[in-house]
Each structure stands twice: as C-alpha cells, then as structure tokens.
Amino acid sequence: MLEDMTSLKRQYSTIFAHLSVIFHADCAILIWYTDGMNWIAPLMEWYLRSMRDLPWRRTRDGYAVWISEIMLQQTRVAAVIPYYERFLRKLPDVFALASVDDDRLHKLWEGLGYYSRARNLKRAAGEIVSRFAGKMPQSYDALLALPGIGEYTAGAIASIAYGEAVPAVDGNVLRVYARLFGMERDIRDPAFKKEVRAFLLPLVPTDQPGVFNAALMELGAIVCLPNGAPKCGECPVRDFCAAYREGRTAQLPVIGAKRARKIERKTVFALTIHGGLVGFRRPEIGLLAGLWQLPETPGELSDAEAAAWLGEHGILPAGELRFYERKHIFTHIEWHMRVCSAEVSAEALPEGWIVLDESHALPTAYRVCL
Ligand code: SF4
C-alpha cells in the first residue's frame with residue numbers, strides 16, 4: 001500500500017507533494033508537511049545576495065516593469081537589455097506609448113519578434129489612458145484585464161512594482177517546482193500550472209512578494225537549468241529538493257511533446273530598385289499584422305516560374321536572378337522559403353508596393369532573406 005501511495009504521490013497531484021501519509025490500523029491519515037516550506041528563506045537570501053544586476057531590477061516603476069516583462073517573454077535577457085533601454089528612452093510613459101505611431105513602435109520592436117506583444121502594449125496603454133487617466137492599475141485583477149497581460153505578467157508587475165502578494169508562474173518556476181517537489185507532471189499542462197499557482201499563492205511573503213517571485217525565476221534561469229543540467233552544487237534549496245535527493249534531476253521536469261509545427265513553403269522576392277528594397281504592408285490581422293513584408297507567393301517556384309511571376313507583376317530584372325533557400329521558425333509555423341533576389345526596374349510597381357527605407361520595420365522572417 002505504501003508503494004501505491006508513493007507512486008500516486010509522484011504521478012498524479014501537486015497536492016500530494018505537500019502531504020505526509022501515516023498508516024494507522026486500516027486507515028491512511030494525510031497531514032500537511034509544512035517543514036517542506038523551509039526552502040523559501042534560503043532561496044530569498046540567495047537571491048538578495050547574488051541576483052544579476054539587470055536594468056529593470058533597478059526600478060519599481062510599474063510601467064518599466066511591465067515593458068521588461070513583456071519583452072522578456074520568449075526572448076533572452078541579454079537580447080532584451082538594449083531594446084528595453086531604448087524603448088524607455090523613446091517612450092518613457094504610458095501616454096507616449098498610447099500615442100506612438102505604429103511604424104515607430106514596430107521599429108522599436110524590430111528584431112525582438114512576436115510583434116503582437118508590441119501591439120498589445122499599445123492597446124493596453126490606450127486603455128490605461130482612457131480608463132485610468134494614464135495611471136498604471138496597481139492590482140493583479142486590474143492588470144489581468146488589460147490586453148496582452150496574462151496571469152504571469154499580472155503577477156510579476158503586481159508583486160514587483162506594487163507589493164501585492166501574488167505568485168508569478170513562468171516556465172522557470174514550473175521547472176524548479178517540478179524538481180523541488182519531485183513532480184512527474186507535464187509542465188506544459190495548463191492544469192499543472194494552475195495547481196502550482198494555487199499552491200504558491202498562500203506562500204508568497206506579504207513583505208517581499210516581488211523578491212520571492214524574482215528569486216524563484218532567477219533560480220530557474222541561472223541554477224536550475226533546463227535540459228537535465230541543473231547546477232545543484234550552487235543551489236540554495238538543494239537540501240529540500242526531491243529531484244536532487246532521488247537522483248532524478250535529469251528526468252524532471254516532464255515535458256510533454258510539442259505539437260508539430262506546420263510547414264509553409266513559399267517563394268520570397270528580395271528585389272531592389274537602385275539598392276532600395278521593395279515591399280508592402282501586411283494586413284492588419286494575422287501573423288506579423290501591420291508590419292512590412294517582401295513580395296511572396298505560395299509554393300517554391302522554379303527559376304523559370306519565378307522569372308514569369310516577376311513579368312506578370314510588371315517587373316524587369318536588371319541583371320541575373322539569384323536563388324537560395326532560407327528558413328524561419330515561428331512558434332507554430334515554419335516558413336521554408338526559396339528566395340529570388342535581383343536588382344530590378346519597373347515602370348509602375350503593383351498597388352501598395354513601395355521602396356522601403358529605414359523607417360519601415362521588416363520582421364526577421366523576411367530579413368533572413370536578404
Ligand atoms: S537542487 Fe538542483 S534540481 Fe533541485 S532545485 Fe536546486 S538546481 Fe534544481
């Protein structure tokens with residue numbers, strides 16, 4: 001029976017990770033084991049001692065914390081730093097963000113990817129101006145109601161900038177949690193994330209909620225690394241860690257299979273007129289909405305088909321057509337591109353096509369074609 005209970009505890013519920021089982025006569029009595037929570041103090045002490053000096057950690061301004069948290073989603077810390085600093089210089093407050101021209105906003109975001117984050121920032125800033133007179137909402141619930149702000153981001157802003165005792169559960173926290181408590185649950189499962197959040201909620205210290213959340217994330221980012229290579233020798237919570245104790249750090253966390261990405265094949269035309277790149281604006285909805293793109297057509301055209309396609313669009317190559325392959329990976333889609341590159345001339349470009357300049361944000365998906 002003890003083996004059954006241990007197996008159950010490992011596999012099925014976060015809650016079981018915080019319970020002890022006492023067998024008495026024919027009954028199993030479950031009790032909370034609170035001593036398992038002693039990991040919090042060493043974790044926070046470690047963070048305060050050894051946290052990385054990052055620009056967004058030098059402020060508790062809600063606007064700045066918000067911008068940093070959105071930029072850090074799916075982007076590495078080192079890559080974010082220059083973007084964050086330039087963004088705050090150019091758009092220093094909610095009013096500036098709410099009224100920024102779309103092209104200028106995209107230009108500030110160019111290279112960071114996932115442009116919907118930038119568009120949602122602007123939409124949310126508009127709401128903050130219209131509904132809150134430009135003052136950042138300070139509660140988790142009010143933040144959560146804004147466009148582009150989910151549970152994690154609302155938790156991070158509310159705790160770090162405004163001292164609300166709410167958790168912020170990101171991928172780093174899920175990994176640390178799964179290892180710390182030896183949980184064999186799929187950390188991609190939304191139900192698990194919900195359970196982790198519910199478990200952490202009463203544990204967030206009311207005096208330093210931001211430090212607690214930042215410490216958990218920092219541990220995942222620089223010590224409890226993914227891919228079976230945690231630096232347990234440097235870990236402040238090693239004495240409490242089930243995965244370390246049981247030699248399961250390489251097996252945890254369990255990560256369910258990703259859905260296979262859809263592959264889209266296309267031919268992209270990198271055309272220049274007197275050295276200026278030809279492009280046009282994408283539709284206002286869908287992938288890379290409102291950004292600029294290079295001309296393209298579905299499918300991988302042969303050399304002859306590509307030349308014919310140019311002719312159909314009234315474009316004359318001024319020299320040889322060059323062909324090469326490029327690939328760009330989005331979260332759910334891969335673009336496999338055959339690129340046709342040439343200096344060209346045209347009496348009149350098709351409607352909406354222009355020669356781009358530095359003010360036009362060209363997403364990385366197209367930049368790789370140059
Ligand atoms: S002891 Fe190792 S596996 Fe456990 S939390 Fe620390 S770094 Fe992660």
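**Exercise 1. Strand β9 and its partners**

Starting from the hairpin that β8 and β9 form with three residues between them, work out which strands join β9 and in which sense, parallel or antiparallel.

*Solution.* The model is predicted, and accordingly local features are taken only at pLDDT of at least 70 and side-chain atom pairs only at pLDDT 80 or more, while totals for chains, interfaces and linings use all residues. Residue numbers start from 1 along each chain as its sequence is written.

Step 1. Strand β8 (residues 322-329) is paired with β9 in the antiparallel sense over eight bridges, where strands are DSSP runs of E with at least two residues and helices are runs of H or I with at least four, numbered from the N terminus, and where pairing requires at least two DSSP bridges between the strands. Within this pair, Tyr324 stands opposite Val339 in β9.

Step 2. Strand β7 (residues 315-317) is likewise antiparallel to β9, to which three bridges join it, and Pro317 has Val344 as its bridge partner in β9.

Step 3. Strand β3 (residues 262-273), by contrast, runs parallel to β9 (residues 333-346), and 11 bridges join the two.

**Exercise 2. Helix packing around α12 and α9**

Determine at what angles α2 and α9 cross α12, and at what angle α3 crosses α9.

*Solution.* Step 1. The axes of α2 (residues 40-50) and α12 (residues 209-222) come within 9 Å and cross at roughly 80°, the axes being lines fitted to C-alpha atoms over the stretch in contact, with angles from 0 to 180 degrees between N-to-C directions. That value makes α2 roughly perpendicular to α12, since the scale sets under 35 degrees as roughly parallel, 65 to 115 as roughly perpendicular, over 145 as roughly antiparallel and the rest as oblique. Ile40, Leu43, Met44, Tyr47 and Leu48 of α2 make the contact with Val211, Phe212, Ala214, Ala215, Leu216, Glu218 and Leu219 of α12 (C-beta atoms, placed from the backbone, within 7 Å). By class this contact has 11 nonpolar, no polar and one charged residues, with Ala, Val, Leu, Ile, Met, Phe, Trp, Tyr, Cys and Pro counted as nonpolar, Asp, Glu, Lys and Arg as charged, and the others, Gly among them, as polar.

Step 1. α9 and α12 pack at an angle of about 130° with their axes 6 Å apart, which makes α9 oblique to α12. In this contact Gly155, Ala156, Ser159 and Ile160 of α9 meet Pro209, Gly210, Asn213 and Ala214 of α12, and the residues divide into four nonpolar, four polar and no charged.

Step 2. Helix α3 (residues 62-72) and α9 (residues 151-162) cross at roughly 145°, their axes coming within 9 Å. Gly62, Val65, Trp66, Glu69 and Ile70 in α3 meet Thr153, Ala156, Ile157, Ile160, Ala161 and Tyr162 in α9, a contact of eight nonpolar, two polar and one charged residues.

**Exercise 3. The shell around the ligand**

Which residues come nearest to the ligand, and which helix gives the most to its shell?

*Solution.* Step 1. There are 15 residues around the ligand, of which Cys224, Pro230, Cys232, Cys235 and Cys241 come nearest; a residue is included if its C-beta atom, placed from the backbone, lies within 6 Å.

Step 1. Two or more residues come from each of α10 (171-180) and α13 (242-245), and α10 gives the most, with three.

Step 2. By class, the shell has 11 nonpolar, one polar and three charged residues.

Notes
Two residues are in contact if their C-beta atoms, placed from the backbone, lie within 7 Å.
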